[in-house]
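This report goes through one protein chain, from its fold down to single side-chain contacts. Please keep the sequence and the 3D view side by side while reading.

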Amino acid sequence: MSVAFVPDWLRGKAEVNQETIQRLLEENDQLIRCIVEYQNKGRANECVQYQHVLHRNLIYLATIADASPSSAVKSME
C-alpha cells in the first residue's frame, strides 16, 4: 500500500522527512514500470489502479513541495 494512503486519524501527524520522500519516489518509479509493462502487454485497463496511486503520490509530493519554505528549495538548487 502506498505511503500516501494514511488513515484520517493519522493525517497531519506523520513527520515528512527525506526518507519518506525517497520512499515515495521509489514507489513512483515502480508504479511507472508496472504501468508501462501493462500497457506494453495491451492490458491498459489493469494499469488504471496503478495510475490512481501514482497520481495520489504525485499530488502528495507536490503538496509537500508547496508547503516547504522557499529557503529549503533554494538550498537544493
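Helices are DSSP runs of H or I with at least four residues, strands are E runs of at least two, and both are numbered from the N terminus. Asn-28 is found in helix H1. The model is predicted: local features need pLDDT of at least 70, side-chain atom pairs count only at pLDDT 80 or more, and totals for chains, interfaces and linings use all residues. Residues are numbered from 1 along each chain as its sequence is written, and side-chain values use heavy atoms, with hydrogens and water left out.

**Fold and surface**

The protein chain has 3 helices and 0 strands. Along the sequence, the pattern reads α-α-α. Of its 77 residues, 19% are buried. Here buried means under 20% relative accessible area, exposed over 50%, and partly exposed in between (1.4 Å probe, protein chains only). The accessible surface is about 6,100 Å². Carbon and sulfur atoms hold 55% of that surface. Areas come from the Shrake-Rupley method with a 1.4 Å probe; for residues, only the protein chains shown count as cover.

Contact means heavy atoms within 4.5 Å. Among contacts with a separation of 6 or more, 56% join residues 24 or more positions apart.

**Core**

A nonpolar core is a set of buried Ala, Val, Leu, Ile, Met, Phe, Trp, Tyr and Cys residues joined through side-chain atoms within 4.5 Å. The largest one has 6 residues: Leu-31, Ile-35, Tyr-38, Cys-47, Val-53 and Leu-54. H1 gives the largest share, 3 residues.

Asn-28 counts as buried because its relative accessibility is 5%. Its side chain makes a polar contact of 2.8 Å with that of Asn-57. A polar contact is a pair of N or O atoms within 3.5 Å; within protein, one must be able to donate a hydrogen and the other to accept it, and residues adjacent in sequence count only if both atoms are side-chain atoms.

| Residue | Contacts (heavy atoms within 4.5 Å) |
|---|---|
| Asn-28 | Leu-54, Asn-57, Leu-58, Leu-61 |
| Leu-54 | Asn-28, Leu-31, Ile-32, Ile-35 |

**Aromatic pair**

The whole structure has 1 aromatic pair. The rings of Tyr-38 and Tyr-50 have centres 5.8 Å apart and planes at 15°, so the pair is stacked. Rings of Phe, Tyr and Trp (its six-membered ring) pair if their centres lie within 6.5 Å; planes under 30 degrees apart count as stacked, over 60 as edge-to-face and the rest as tilted. Tyr-38 lies in helix H1 and Tyr-50 in helix H2, 12 residues apart. Tyr-50 counts as partly exposed, at 23% relative accessibility.

Notes:
Lists of a residue's contacts leave out its neighbours within four places in sequence.
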